[in-house]
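Open the model in your viewer and keep the selection tool at hand. Each stop below says what to select and what is there.

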Amino acid sequence: MKIAFSEIVTPAKGVVAVVVTEERSLGATGRGLDEQTGGALSRALAAGRFKGKQGTSTTIVAPHGIDVDAVILIGLGKPEKIDGRGLRALGGTAVRRMNGAGAKVGAIAVDAVEGASIAPPAMAAEIALGARLGSYSFDKYHTKKKDEDKKSLGELAVMLDEPSAAEDAFEANASLADGVFAARDLVSEPSNVKYPRTIADDIEALNEDGIEVELLDRDKMAALGMGSLLGVAQGSEHEPYLAVMRWNGAPDGAEQQPVAFIGKGVTFDTGGISIKPSQGMEEMKYDMAGSATVVGLMKCLAGRKARVNAIGVVGLVENMPDGKAQRPGDVVTSMSGQTIEVINTDAEGRLVLADVLWYTQATYKPRFMVDLATLTGAILISLGTYQAGLFSNDDELAERLIAAGKESGEELWRMPLGERYDKDIDSAIADMKNVGKGREAGSTAGAVFLQRFVNGVPWAHLDIAGMAWMKGNHDPTVPKGASGYGVRLLDQLVRAHYEA
Ligand code: BES
Ligand code: MN
Ligand code: ZN
């Protein structure tokens, strides 16, 4: 879907959307359309339940007096409560309604709203971001889908008095959307198409975005002593890779210590010898979502030339059962030197991240590390699909992340770490085991395991198992399927605190 900013006109075709604030108040463009249609808008407002509440909308089909097929009234809520998050949701809702109406072209008018603290160009840039994010679909493997079953909207005009100001404000948002789409595409792809080597190829192509890329293959990882990651890869025909992406955008050059983002990239998780039940196993193609988010984030930072030094590091492996696969009870030695008893080969994400975290802090001395991982089913039980779990050894980093979550709409809920949980992963035969006390505090058991590999560096672990894949669509900026969760969150974190 194409987005263009333009002056306010009454479109000659397609669908036009105007915003309505509570209680039932039209803006300048809405009043103009009302006049042209002999009062169709005010009649619709008076007749129905719709009164302009945020998140609601109503459609007037084939209004008399103008050429458009429909006018959509979209609720903006109370003027004093208008914020970026609400505007992005509104943009997503507009696109949904336009697709629902089968429109090929759409326009949305952004008038100044009395009592709002945000001006039309900034409003338009947020609405456009929400519209773009909500327009996403992954259709490449449908060869027979009929046109009427596809999203119809090919072009959206965002109309306002200062289109060029909105265009400028939208530039960084366009890079953000590109990053989110890159993450969603990677997650949507099936595991016979995106496995460690092909994802590594995609990462190498980020060179074109100005990102430096380095790949470590099995031999290099073995030489570094990454027995924990390599143990997971052992049962797969696919070669594992560790990929490092570097974006050096800090104005003072490469000296500025980087911030580091780390992703779990298990391209398919069968569970290994501790094999998962077949019911629903197909979902485990999204077990690389953490790495996809890191890729999308790096693309976004480079795309908007963020004034920060950032590195992204992902561990790409496939977890398969095989004659060569690791067994429950095996003991592996991680790059840190610490030994791990592998009680359950399905708790593989932490085994991968153990070596990636250790490597990242040892090699890059980052200011902080944030890892993203579809680590535990337990986090989905705890928090559902509305918030990711946040675990951190650093209160300042945790608070900044929570604030960035509220601002971006990709929310986090802080979960506990602590000595008692940590003791639960002590092993009788090795330094630790890869599970805690069965089903108890399962997400924390994963987090305290990771904490043993951060070497005291400020760190946060985001368990995104509930957020990376959406079965329903409760957020109009996130269609069903791959969400790209975390790209917006971490872009916001960087914007708010780490850019010079
Ligand atoms: N990739 C899974 C976690 C997961 C579950 C992600 C559901 C997305 C949706 C992870 O590798 C896993 O299997 N975790 C186990 C840990 C257990 C064996 C300690 C789990 O959650 O059951
Ligand atoms: Mn697993
Ligand atoms: Zn997994």
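Select Phe-261, Phe-368 and Tyr-498: ring pairs link these residues into a cluster. Rings of Phe, Tyr and Trp (its six-membered ring) pair if their centres lie within 6.5 Å; planes under 30 degrees apart count as stacked, over 60 as edge-to-face and the rest as tilted. The structure holds eight aromatic pairs.

This is a predicted model: local features need pLDDT of at least 70, side-chain atom pairs count only at pLDDT 80 or more, and totals for chains, interfaces and linings use all residues. Residues are numbered from 1 along each chain as its sequence is written, chains are lettered from A and ligands numbered from 1 in the order in which they are written, and side-chain values use heavy atoms, without hydrogens and water.

Next, show Arg-197 and Tyr-241. The charged end of Arg-197 sits over the Tyr-241 ring, 4.8 Å from its centre (NZ of Lys or CZ of Arg within 6 Å of the ring centre and within 35 degrees of the ring normal).

Buried means under 20% relative accessible area, exposed over 50%, partly exposed in between (1.4 Å probe, protein chains only). Helices (H or I, at least four residues) are DSSP runs, numbered from the N terminus.

Now look at the two domains. Their centres, taken over C-alpha atoms, are 37 Å apart. The contact (heavy atoms within 4.5 Å) takes 17 residues from domain 1 and 22 residues from domain 2. Together the domains bury about 1,600 Å², 56% of it on carbon and sulfur atoms. That is the accessible area (1.4 Å probe) that two parts lose on being put together, summed over both.

Select helix α14 (residues 442-451). Nine of its ten residues are buried, so α14 is largely enclosed by the rest of the structure.

Last stop: Ile-127, in helix α4 (residues 120-134). Is Ile-127 buried or exposed? At 2% relative accessibility, Ile-127 counts as buried.

Terms used. Domain bounds come from an automatic or database domain assignment. Helices (H or I, at least four residues) and strands (E, at least two) are DSSP runs, numbered from the N terminus.
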